[in-house]
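Here is a short report on one protein model. Keep the sequence and the 3D view open as you read.

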Amino acid sequence: MTVKPLRPHWEHTREQAWTRYWQTGVLHSCPTSYPGNYDGIIGGFWRETARWLPAHGHVLDLATGNGAVPSLLINRRADLDIDAIDAADISNTKSVTDFRIRFHAGIRMETLPFPAGHFDAACSQFGIEYASHPEALDEVLRVLKPSGQIHWVMHHCDSVFTRIAAQESQHLAWATGADGILGAAIAIAPWMPRIRAGLIPEDLRKANAARDRFNQSQIALEQRIQLGHAVAVLKDIRATVHAILIQRGDAVPVLDRYRQDLESARLRCQELCACALDRARLLSLAEWLGSRRPALRVDITALSQAEGLLAWGLRAVPS
């Protein structure tokens, strides 16, 4: 059976976006929609995984980010030995400093730098679905031992995460677009020092036009917040823009950098939605794994808790 590509290769901008994101120190890829880290159903999946792993197991964590999953596994099983890879530059991560975890930055899942039959298990949380297939799947099976286990948490097309990512993507497109608050803030920023000092700007007409534009963008932002859909990102944008505008010095380059950050966040949201799996695609993936490793039992489950549906869980373990 041929597995159709779950997604195309993203260009260098994708890796840059994720590099900047992980360098902020976050431990998971959905901070606004899942503030509880890994203490719910997803944490339970990894606690159960720790029980499945063999004694002194050598584990590969795919698309590790800042190493939350390796850290959780090590905390449950001190005998594990873990290699964690990510295509982004995670070389400066300081979130995990355990000698039993080795981080490998700039490594794609499609070209793993490990010998065949090297690992007892391959783990991934919101990672494997971002790779190109079947290349990445072939590579994972190549570096796994014949009886090697697979434990993956993957984005569900109908999950809370996917729904919020789609809504946040729309908010971010507006905020960074021609009529959004970032452009309006950049337009008014050069006038702010004189306005705060109570001075009349040299070109009063342009200053008033910039002020009116900014005021209209604030009204539009508040209207979006009142709709009540994924408003955390909007409130963060409101607070950050205001904080930048009242600081001393030239606010324009700071606002420009912040707009770039928001554009990167939009890219991540779009990518999440594009890579989230429906049941048909997941079953195709499970069938492919079963055909390649018939000695393993492939189980899939939908991971849900009070907040709603969060993800798919997939395990391939010895029968």
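## Buried or exposed

A residue is buried when its relative accessible area is under 20%, exposed when it is over 50%, and partly exposed in between. The model is predicted. Take D120 first. Its relative accessible area is 15%, so D120 is buried.

D120 has a charged partner. Its side chain meets that of K145 in a salt bridge, at 2.9 Å from N to O. K145 sits in strand 5 (residues 144-154) and D120 in strand 4 (residues 119-125), so the pair ties together parts that are 25 residues apart in sequence. K145 has 30% relative accessibility, so it counts as partly exposed.

E48 is partly exposed, at 30% relative accessibility. R51 is exposed, with a relative accessible area of 56%.

Another salt bridge joins the side chains of E222 and R238, at 2.8 Å from N to O. This pair links distant parts of the chain: E222 is in helix 8 (residues 204-227), R238 is in helix 9, and they are 16 residues apart. E222 is partly exposed at 30% relative accessibility. R238 is also partly exposed, with a relative accessible area of 26%. Elsewhere, D81, D83 and R102 form a network of salt bridges.

## Two packed helices

Two packed helices are described by the angle between their axes and the distance between the axes. Look at helix 6 (residues 181-188) and helix 9 (residues 232-245). Their axes come within 11 Å and cross at roughly 10°. Angles under 35 degrees count as roughly parallel. Helix 6 and helix 9 are therefore roughly parallel to each other.

Which residues in helix 6 meet helix 9? They are I181, L182, A185 and I188, and they meet I237, V241 and L245 in helix 9. By class, this contact has seven nonpolar residues, no polar residues and no charged residues.

## A strand pair

Now find strand 6 (residues 296-305) and strand 7 (residues 308-318). They run antiparallel, and 10 bridges join them. To trace the pairing, find L296, which stands opposite P318 in strand 7.

Definitions and conventions: Residues are numbered from 1 along each chain as its sequence is written. This is a predicted model: local features need pLDDT of at least 70, side-chain atom pairs count only at pLDDT 80 or more; totals for chains, interfaces and linings use all residues. Side-chain values use heavy atoms; hydrogens and water are left out. Two strands pair if DSSP finds at least two bridges between them. Helices (H or I, at least four residues) and strands (E, at least two) are DSSP runs, numbered from the N terminus. Axes are lines fitted to C-alpha atoms, for helices over the stretch in contact, and angles run from 0 to 180 degrees between N-to-C directions. Angles under 35 degrees count as roughly parallel, over 145 as roughly antiparallel, 65 to 115 as roughly perpendicular and the rest as oblique. Contact means heavy atoms within 4.5 Å. Ala, Val, Leu, Ile, Met, Phe, Trp, Tyr, Cys and Pro count as nonpolar, Asp, Glu, Lys and Arg as charged, and the others, Gly among them, as polar. Buried means under 20% relative accessible area, exposed over 50%, partly exposed in between (1.4 Å probe, protein chains only). A salt bridge is a side-chain nitrogen of Lys or Arg within 4 Å of a carboxyl oxygen of Asp or Glu.
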